[in-house]
Amino acid sequence: MEHRKICKEYIDRLAVCQVLSAEEFTYLILNYDQEVSDYLFEKARQVRTRYYNHDVYIRGLIEFTNYCRNDCYYCGIRSGNKKAIRYRLSKDEILGCCETGYLLGFRTFVLQGGEDGYYTDERMADIIRSIRDKYPDCAITLSVGEKSYETYKLFFDAGADRYLLRHETANEEHYARLHPAKLSGAARKNCLYDLKKIGYQVGSGFMVGSPCQTAGNLAEDLLFLKELQPQMVGIGPFISHHDTPFAKEKSGTLELTLFMLGLLRLMLPKALLPSTTALGTIHPKGRELGILAGANVVMPNLSPQGVRDKYLLYDNKICTGDEAAECRQCMERRMRSIGYEVVVSRGDNVDFR
Ligand code: SF4
């Protein structure tokens, strides 16, 4: 079939040149089929093995607040959702999560939360410093949204190593359909460049299949990431939340999310690519399939059990009832079942070792 042949040619070229034009990416996204995907995943696995062998890095995710001042239309904990049951973890609770995680072999802690004014810059810096002092061999990743350059710098100087901030969509018009007017794609991108300038290992990413998204938008996402050169890229399927304006929108597909992961691996060969919980939510083997498409990171939850079911960005999120130790073992079994190994390591991007 002609389409298949062209798709494979583009994939071969992407593997060599690590970039394609917007038209070529769009063509691939519109015309791939299972055979093309399998062809891509095989190449993606070869590239990932070159830099990361069969290692899978684990990140201990601590969802420490579900308060947020923003109102992103797709998000279950947005400020406009009055039905969300809100919580915050104290510094001691956060340190308790780190302690549990350290004993289980986690060497990266990810502090994730909404944009919650309760955690002032000073409070946040104090938490970061305490984790840094207690766990000098661990990486600290932050995922707390848009801040000023000075605040990012303060957190970096306090000991944070990495920062996750998904750009969500590189297209300004599409961004405006997913967010209220006071948020802009340009401001988001500025934050990402600030983070890079300061010296963080930076993670960005986007949702696959979000409302109004086109194949051209996804191509723009890839090209934006090519320009940004982040050390990490988190992507997952869009999944609706019942208390949002997008409640009735269709979810992104497993197939397209995996395909995008494969393209990302060829485009950014050294990137840390998580196989996300959202992938595991839309398919029972989603996280394994993500690894087989080129991903190399999984992020089990270290948040206390009592709050897990309150950090719901989307519906039907998995693993909200499991203990951290169960999650850790479950992940190890899952990865072993496909020939990969969870390792005890900070799991830095190869360029940061
Ligand atoms: S996506 Fe992030 S910034 Fe937007 S409402 Fe949800 S937690 Fe807040």
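Let me start with Tyr118, which is partly exposed at a relative accessible area of 38%, where buried means under 20% relative accessible area, exposed over 50%, and partly exposed in between, with a 1.4 Å probe and protein chains only. This is a predicted model, in which local features need pLDDT of at least 70 and side-chain atom pairs count only at pLDDT 80 or more, while totals for chains, interfaces and linings use all residues. Residues are numbered from 1 along each chain as its sequence is written, and side-chain values use heavy atoms, with hydrogens and water left out.

Staying with Tyr118, Arg123 lies over the face of that ring, at 4.0 Å from the ring centre, the criterion being that NZ of Lys or CZ of Arg is within 6 Å of the ring centre and within 35 degrees of the ring normal. Lys8 is likewise placed over the face of Tyr39, at 5.3 Å from the ring centre.

Now to the ring pairs. Rings of Phe, Tyr and Trp (its six-membered ring) pair if their centres lie within 6.5 Å, and planes under 30 degrees apart count as stacked, over 60 as edge-to-face and the rest as tilted; by this rule the count comes to 13 aromatic pairs. In one of them, the rings of Phe64 and Tyr119 have centres 4.8 Å apart and planes at 85°, so the pair is edge-to-face. This pair links distant parts of the chain, 55 residues apart, with Phe64 in strand S2 (residues 60–65) and Tyr119 in the loop between strand S3 (108–113) and helix H5 (121–134); helices (H or I, at least four residues) and strands (E, at least two) are DSSP runs, numbered from the N terminus. Both Phe64 and Tyr119 are buried. Tyr118 and Tyr119 also form an edge-to-face pair, since their ring centres are 5.0 Å apart and their planes are at 85°. Elsewhere, ring pairs link Tyr152, Phe156, Tyr163 and Tyr200 into a cluster.

Next, a helix contact. The axes of helix H1 (residues 2–17) and helix H10 (residues 254–267) come within 7 Å and cross at roughly 40°, where axes are lines fitted to C-alpha atoms, for helices over the stretch in contact, and angles run from 0 to 180 degrees between N-to-C directions. The contact (heavy atoms within 4.5 Å) is made by Ile11, Leu14 and Ala15 of H1 and by Leu263, Leu266 and Met267 of H10.
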